[in-house]
Amino acid sequence: MFELFCNVLLVVFLGYTYFTHVLEAKIPKSYLKNPNNLMPDVWPKLIIILLMICLIANIVKIILKNKNNKDFNLKTFGKNSWEFLKSKMFLGMVVLAAAAFVLEYLGFVVTAFLVLFFYGMLLGEKKIWRLLIVSVVLAFVLHLLFCGLLDVNLPRGEVPFLRNMALFLESLV
C-alpha cells in the first residue's frame, strides 16, 4: 500500500511540475530564431511523460497484484509507513534532501563528500578512515569530471575557502 501511495504522489507531483513549470518555461528568443534548435523544454517534457507512463503502469500492476490481498488496506499502510520511516532507505532520502539544501552554500565538492560519506556509513562501512579517503577522492574526481570533461558549472559554495578550493580544482583542468 505504501508503494501505491508513493506512486500516486509522484504522478500528482510530476503532473503539477509538467503543467506549472515545464509548459510555462520561457524559451529564449535566440532559440526561436533557428528552427533546427532542439527547444530547451523538449527533454523535461519527454522525461516527465515517460516517468508518468511508467508510474501509472506500476500503479496498475500494484493494484492487480494485490487485488485479493486482505492486508492491502489503510490499517497496514499506517504500520508499514512507520517501518519505512525507520528504514535505511528513508535515511538515505533524508541525506539527499539535506544535500539539496546545503549544496549552494557548501558547494559541490563538500556536499558530494558528505553524501558519499554518510551513504557509506548507511551501507555499513566500519572503517571510517577508508570511508573518509574514498569519499574525498570520489568527490574530487566527480568535480573534475563534471567541470573538466563535461564542462558543467557546479556550485562552488558561498563559504570563501570552499569557493577558493573549487576554483583551484577548476584551474587544474
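**Reading helix contacts and cores**

Analyst: Start with who touches whom. From helix 5, Lys 88, Leu 91, Gly 92, Met 93, Val 95, Leu 96, Ala 99, Val 102, Leu 103 and Leu 106 meet Phe 108, Val 110, Thr 111, Leu 114, Val 115, Phe 118, Tyr 119 and Leu 122 of helix 6. Sorted by class, that contact has 15 nonpolar, 2 polar and 1 charged residues. Here "contact" is heavy atoms within 4.5 Å. As for the classes, Ala, Val, Leu, Ile, Met, Phe, Trp, Tyr, Cys and Pro are nonpolar, Asp, Glu, Lys and Arg are charged, and the others, including Gly, are polar. Helices are DSSP runs (H or I, at least four residues), numbered from the N terminus.

User: Before we go on, what kind of model is this?

Analyst: It's a predicted model, where local features need pLDDT of at least 70 and side-chain atom pairs count only at pLDDT 80 or more, while totals for chains, interfaces and linings use all residues. Residues are numbered from 1 along each chain as its sequence is written, and side-chain values use heavy atoms, leaving out hydrogens and water.

User: OK. At what angle do the axes of helix 5 and helix 6 cross?

Analyst: The general idea first: a packed pair of helices is described by the angle and the distance between their axes. The axes are lines fitted to C-alpha atoms, for helices over the stretch in contact, and the angle runs from 0 to 180 degrees between N-to-C directions. In this case, helix 5 (residues 88–106) and helix 6 (residues 108–123) have axes that come within 9 Å and cross at roughly 165 degrees. That makes the two helices roughly antiparallel. The labels go like this: under 35 degrees is roughly parallel, over 145 roughly antiparallel, 65 to 115 roughly perpendicular, and the rest oblique.

User: Is the crossing of helix 5 and helix 6 left-handed or right-handed?

Analyst: A crossing is left-handed if the near helix is turned anticlockwise from the far one by less than a right angle, and right-handed if clockwise. The crossing of helix 5 and helix 6 is right-handed.

User: And how do helix 6 and helix 7 cross? At what angle?

Analyst: Roughly 140 degrees, with the axes of helix 6 and helix 7 coming within 8 Å. This crossing of helix 6 and helix 7 is right-handed too. Among the residues that meet here are Phe 108, Phe 113 and Phe 117 from helix 6, and Leu 131, Ala 139 and His 143 from helix 7. The contact of helix 6 with helix 7 divides into 15 nonpolar, 3 polar and no charged residues.

User: Which residues make the contact between helix 7 and helix 8?

Analyst: Geometry first: the axes of helix 7 (residues 128–149) and helix 8 (residues 160–172) come within 9 Å and cross at roughly 60 degrees. That makes helix 7 oblique to helix 8. Helix 7 passes helix 8 in a right-handed crossing. The contact is built from Phe 140, His 143, Leu 144 and Cys 147 of helix 7, with Met 165, Ala 166, Leu 169 and Glu 170 of helix 8. By class, the contact of helix 7 with helix 8 has 6 nonpolar, 1 polar and 1 charged residues.

User: Now the cores. Which residues form the largest nonpolar core?

Analyst: A nonpolar core is a set of buried Ala, Val, Leu, Ile, Met, Phe, Trp, Tyr and Cys residues joined through side-chain atoms within 4.5 Å. Buried is under 20% relative accessible area, exposed over 50%, and partly exposed in between (1.4 Å probe, protein chains only). The largest one has 9 residues: Leu 4, Val 11, Leu 14, Tyr 18, Ile 48, Met 52, Leu 55, Ile 59 and Ile 62. Helix 1 (2–22) and helix 3 are the elements that give two or more residues to this core, and helix 3 gives the most, with 5. A second, separate core has 7 residues, including Phe 108, Ala 139, Cys 147 and Leu 169.

User: Is Ile 48 buried or exposed?

Analyst: Ile 48 counts as buried because its relative accessibility is 8%. Ile 48 lies in helix 3, and its C-alpha is 8.5 Å from that of Thr 17, 31 residues away in sequence. Ile 47, also placed in helix 3, is partly exposed at 47%. From Ile 47 to Leu 14, the C-alpha separation is 10.0 Å.

User: Which residues is Asn 58 in contact with?

Analyst: Leaving aside neighbours within four places in sequence, Asn 58 is in contact with Glu 3 and Asn 7. Asn 58 lies in helix 3 and is buried, at 18% relative accessible area.
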